[in-house]
Amino acid sequence: MALSADLIPADVRYRLKALGLATRRAVGDRGIGTHASRSRGAGLEFAQYRAYERGDEPRQIDWKLYARSNRFFVREAERESPVALWIMLDASASMADRLPAARGVAACLAELALANGDRFGLLALRGDGLQRVAPASGTQARDRLQRMLATLEAGGGLPDEAMLAPLWERIGARDLIVMLSDFFDDAAAALATRLSDAGREVLAIEILKPAERDFPFVDGHVFRDPETGRELVGDGPALRDAFLMRFGEARAALHARFTAAGVACATLLTDQPVDTPLHVLFGRRA
């Protein structure tokens, strides 16, 4: 698929072969390792029915049950498979110029799940609500996810509490969540820690720009908040030391907050290869 090639450069795709998705929860408290737990999926041993969700494979629909009930139900079965992977992408306005990097990371995560035979889905968080690709496995699921990534645009803030309510119904207790965000909005960090406190395993990928690392502004500059529109006019050299100190303190506090909540975190700068944080999070788990 051409889109897949665009989102994942050839050298990154090659390096992904050294990685595999892993979850702590599937192996209990004994450490970190590749999951081997049983989960519900499109296997052979029937387990239960559930309501059809957009993105499910038509072949999983029980047509005989539809004929009796006039409702779509999907047959789920027990199979040797890892828990579902949810890729949660912050698509608020501050992420607009980070979105290409976030798309690349999301595509890489989907490829890792695909190679492992896992189910994977996508949740995009915008001020106007949630956009979702339901977890599924296989190349069609990968293609659906990539099509959503290609058309996704950043805008507004993060969804309010009422809009986030479906998350608690959709994300299973054993699912793995990878959240991609700049985490500038406290609501993003709060959501990650809340999900972790509720028993979900959450990994965070912090996406930053090189300017936030280097603060290279040498003259007068207008700094604008993309979400509120507020502007600050200032002299770059005069502001640099104070900005770098305060930004470093804010990042240290964020990472400490994640550590206290059991959320593993890695950072991606947009001038780095998109697989950089995946080697931090999953390379050490292999």
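The legends below accompany close-up views of a predicted model.

**Figure 1. Overall composition of the predicted protein chain.** The chain contains 10 helices and 11 strands. Of its 286 residues, 47% count as buried. The accessible surface comes to about 13900 Å², and carbon and sulfur atoms account for 52% of that area. When contacts between residues at least 6 apart in sequence are considered, 74% of them join residues at least 24 apart.

**Figure 2. The largest nonpolar core.** This core comprises 46 residues. The members that touch the most other members are Leu85, Leu89, Leu109, Leu180, Ile205 and Leu278. Helix 4 (residues 99–116) supplies the largest share of the core, with 11 residues. A second, separate core holds 22 residues, among them Met179, Ala188, Leu191 and Phe258. In soluble globular proteins, nonpolar side chains tend to be buried together.

**Figure 3. Surroundings of isoleucine 205.** Isoleucine 205 is one of the residues that touch the most other members of the largest nonpolar core. Neighbours within four places in sequence are left aside in this view. The contacts of isoleucine 205 then include Val178, Met179, Leu180, Ser181 and Phe183. Isoleucine 205 is also in contact with Val105, Ala266 and Leu268. Pro277, Leu278 and Leu281 complete the list of its contacts.

**Figure 4. Alanine 102 in helix 4.** Alanine 102 is located in helix 4. Its relative accessible area is 0%, so alanine 102 counts as buried. Apart from neighbours within four places in sequence, alanine 102 contacts Leu89, Met95, Leu180 and Ile207. Two of these partners, Leu89 and Leu180, are listed among the residues that touch the most other members of the largest nonpolar core. Leucine 7 lies 95 residues away from alanine 102 in sequence, and the C-alpha to C-alpha distance between these two residues is 9.8 Å.

**Figure 5. The edge-to-face pair of phenylalanine 184 and phenylalanine 247.** The structure holds 4 aromatic pairs. In one of them, phenylalanine 184 and phenylalanine 247 are arranged edge-to-face, with 6.2 Å centre to centre and 75° between the planes. Phenylalanine 184 lies in the loop between strand 7 (176–181) and helix 7 (186–197), whereas phenylalanine 247 belongs to helix 9 (residues 236–261); the pair therefore ties together parts that are 63 residues apart in sequence. Phenylalanine 184 is partly exposed, at 41% relative accessibility. Phenylalanine 247, in contrast, is buried, at 14%.

Figure 6. Phenylalanine 243 and phenylalanine 247 form a stacked pair, with 5.3 Å centre to centre and 15° between the planes. Both residues lie in helix 9, where they are 4 residues apart, about one turn of the helix. Phenylalanine 243 has a relative accessible area of 26% and is partly exposed. Ring pairs link Phe243 and Phe247 with Phe184 and Phe215 into a cluster.

Figure 7. A disulfide is a covalent bond between the sulfur atoms of two cysteines. A search of the whole structure finds 0 disulfides. Cysteine 108 is buried, at 0% relative accessibility. Cysteine 265 is partly exposed, with a relative accessible area of 21%. The cut-off for burial is under 20% relative accessible area, which means that cysteine 265, at 21%, is not counted as buried.

Methods: Residues numbered from 1 in each chain as written. Predicted model: local features only at pLDDT ≥ 70, side-chain atom pairs only at ≥ 80, totals over all residues. Heavy atoms only, no water. Phe/Tyr/Trp six-rings, centres within 6.5 Å; stacked < 30°, edge-to-face > 60°. Helix = DSSP H or I, 4+ residues; strand = E, 2+ residues; numbered from the N terminus. Buried < 20%, exposed > 50% of the residue type's maximum accessible area, 1.4 Å probe, protein only. Disulfide = S-S within 2.5 Å. Contact = heavy atoms within 4.5 Å. Areas by Shrake-Rupley, 256 points an atom, 1.4 Å probe, with all protein chains shown as cover. Core = buried A, V, L, I, M, F, W, Y, C linked by side-chain atoms within 4.5 Å.
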